[in-house]
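Thanks for coming, everyone. Please have a look at the model on the screen.

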Amino acid sequence: MRPPAYQLLADELRADITSGRLQPGERLPPEPELCVKTGVSRSTVREALRLLASQHLIVTTRGVTGGSFVAHPDAEQLADALATGFTLLSNSADVGLADLLELRRALEVPAAGLAAVRRDDEHLLEIHGALFDPAIDDLDTMLAAHASFHMAVAKATGNPLFELVVRPLYHASFGEDVTSDLPPGYWRQIDADHRLLLDCLTMHDAESATKAAARHLDYIAAVVR
């Protein structure tokens with residue numbers, strides 16, 4: 001079945017944006033010009049533009065200088081879209097917690113080494129600010145702090161792609177509830193692992209940082225298996 005005309009136009013414009021033919025901040029052709037160029041109605045053009053705007057690919061403004069412009073990449077919005085994809089996959093039979101931990105290992109172990117080399121004092125302050133007191137015994141607080149810690153480490157790599165990909169790992173909702181039956185001392189060990197990794201980053205010790213990150217994930221995998 002042939003897709004609707006607005007979808008085809010949106011696909012064409014999306015390809016121009018993602019390929020770089022249309023750069024961030026660049027203005028798209030006006031609606032009348034798109035109508036003439038593509039042979040579709042004004043309502044079809046507007047529907048295509050609404051679709052692209054909902055995907056955060058363009059921004060439309062009003063007024064004399066208004067129009068539709070290619071959006072500048074926003075890491076948080078892109079991460080939200082990835083988180084939705086992670087959640088959809090996690091609710092299928094094809095992806096489980098073991099897959100998540102495998103991906104975390106592939107990303108976070110080398111990220112720890114890069115962070116040890118590239119981090120600055122502001123990064124260390126942000127990472128330290130994400131530490132938590134396991135004696136608080138508040139699950140939501142500890143989960144939020146755990147996510148903030150690892151996202152701050154990813155940020156300290158200086159590579160925004162690490163931050164982009166790591167962020168949705170902690171925002172995706174996995175159907176398998178692994179937080180309700182954790183052994184005593186679990187969060188104390190997580191806290192100890194985080195503090196050890198922070199020490200390695202503080203000392204610019206990349207080798208020890210990667211080992212600490214790997215041991216941290218080994219512990220989580222053994223507990224929630």
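First, the ground rules. This is a predicted model, so to speak of local features we need pLDDT of at least 70, side-chain atom pairs count only at pLDDT 80 or more, and totals for chains, interfaces and linings use all residues. Residues are numbered from 1 along each chain as its sequence is written, and side-chain values use heavy atoms, with hydrogens and water left out.

Start with α2 and α3. Helices here are DSSP runs of H or I, at least four residues, and strands are runs of E, at least two, numbered from the N terminus. The axes of α2 and α3 are 9 Å apart, at an angle of about 110°. Axes are lines fitted to C-alpha atoms, for helices over the stretch in contact, and angles run from 0 to 180 degrees between N-to-C directions. α2 and α3 are therefore roughly perpendicular; that label covers 65 to 115 degrees, while under 35 is roughly parallel, over 145 roughly antiparallel and the rest oblique.

Who touches whom? E31, P32, L34 and C35 of α2 meet R42, V45, R46 and L49 of α3, where contact means heavy atoms within 4.5 Å. Five of these residues are nonpolar, none polar and three charged.

Now α7, residues 139–156, and α9, residues 186–202. Their axes come within 12 Å and cross at roughly 20°. α7 and α9 are therefore roughly parallel. On the α7 side the contact includes L139, H146 and H150; on the α9 side, W187, H194 and L201 are among the residues. That contact has nine nonpolar residues, three polar and no charged.

How many cavities of 30 Å³ or more does a search of the whole structure find? One. A cavity is a set of points on a 1 Å grid over the protein atoms alone where a 1.4 Å probe fits but cannot get out; a pocket is an open set with protein on both sides within 12 Å along at least five of seven lines; lining residues have an atom within 4 Å of a point.

The largest cavity holds about 80 Å³. H150, V153 and L197 are among its lining residues. α5, α7 and α10 each supply at least two.

Last, the second largest pocket, at about 370 Å³. Its lining has 17 residues, with E31, L49, T60, R62 and S68 nearest the centre. α3 gives the most, four residues.

Terms used. Ala, Val, Leu, Ile, Met, Phe, Trp, Tyr, Cys and Pro count as nonpolar, Asp, Glu, Lys and Arg as charged, and the others, Gly among them, as polar. Grid points are joined across faces, edges and corners, and a volume is the space filled by probe spheres set on the points.
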